[in-house]
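Student: Hi, could you walk me through this one? I'd like to start with a side chain and go from there.

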Amino acid sequence: MKLGAFSVSLAVSNIEASKVFYQKVGFEVIGGDQTQHWLILKNGEHTIGLFQGMFEGNIMTFNPGWDKDCKTLESFTDIRELLKEFEAQGVEIIQQSISGESGPSSFSIKDPDGNAILIDQHV
């Protein structure tokens with residue numbers, strides 16, 4: 001089972017202050033739209049997203065079909081297969097937005113401590 005690229009989505013109270021802080025510790029803005037209150041930053045192979053007012057709490061995110069540079073992989077485990085495997089293992093699905101036989105879709109789970117995990121396929 002391959003979950004794809006990993007990042008952490010941070011719920012921030014002031015996106016400008018958070019952007020400045022993460023730039024000071026070596027992250028570089030590579031995407032997003034600050035006027036819409038979200039940015040994507042990288043430091044080497046590490047990716048974080050800053051999101052102001054979009055959700056509560058931080059979220060671990062996996063992107064099936066992408067590598068660490070958000071490039072499409074030739075071979076990957078489709079999100080629909082991951083969903084079936086998780087359900088077969090008894091993992092509770094908190095939210096799902098699955099459409100069609102392939103392509104973009106997502107679902108969310110929580111670990112035993114309530115940490116949110118988003119499986120979000122863009123390809």
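Tutor: Happy to! Tryptophan 38 is partly exposed, at 27% relative accessible area. Keep in mind that this is a predicted model.

Student: Which aromatic pair does tryptophan 38 form, and is the pair stacked or tilted?

Tutor: Across the whole structure, 6 aromatic pairs turn up. In one of them, tryptophan 38 is stacked with phenylalanine 51, at 6.4 Å centre to centre and 5° between the planes. Tryptophan 38 belongs to strand S3 and phenylalanine 51 to strand S4, so the pair ties together parts that are 13 residues apart in sequence.

Student: And phenylalanine 51, buried or exposed?

Tutor: Buried, because its relative accessibility is 13% and the cut-off for buried is under 20%. Phenylalanine 51 also pairs with phenylalanine 55 in a tilted arrangement, 5.4 Å centre to centre with 45° between the planes. Phenylalanine 55 is partly exposed at 24%.

Student: Switching topic: how much space lies in the largest pocket?

Tutor: About 460 Å³. The lining has 24 residues, and the closest to the centre are Ser7, Ile40, Thr61, Asn63 and His122.

Student: Which strand gives the largest share of that lining?

Tutor: That's S1, with 5 residues. By type, the lining residues are 12 nonpolar, 7 polar and 5 charged.

Student: Last one: what does the side chain of serine 105 reach?

Tutor: The backbone nitrogen of serine 99, at 3.0 Å. Serine 105 sits in strand S7 and counts as buried at 5% relative accessibility. Its contacts include Ile79, Arg80 and Ile119.

Terms used
Residues numbered from 1 in each chain as written. Predicted model: local features only at pLDDT ≥ 70, side-chain atom pairs only at ≥ 80, totals over all residues. Heavy atoms only, no water. 1 Å grid on protein atoms, 1.4 Å probe; cavity = no way out; pocket = protein on both sides within 12 Å on 5 of 7 lines; lining within 4 Å. Points joined across faces, edges and corners; volume = space filled by probe spheres on them. Helix = DSSP H or I, 4+ residues; strand = E, 2+ residues; numbered from the N terminus. Nonpolar A, V, L, I, M, F, W, Y, C, P; charged D, E, K, R; others polar. Buried < 20%, exposed > 50% of the residue type's maximum accessible area, 1.4 Å probe, protein only. Polar contact = N/O pair within 3.5 Å; in protein donor to acceptor, adjacent residues only side chain to side chain. Contact = heavy atoms within 4.5 Å. Phe/Tyr/Trp six-rings, centres within 6.5 Å; stacked < 30°, edge-to-face > 60°. Lists of a residue's contacts leave out its neighbours within four places in sequence.
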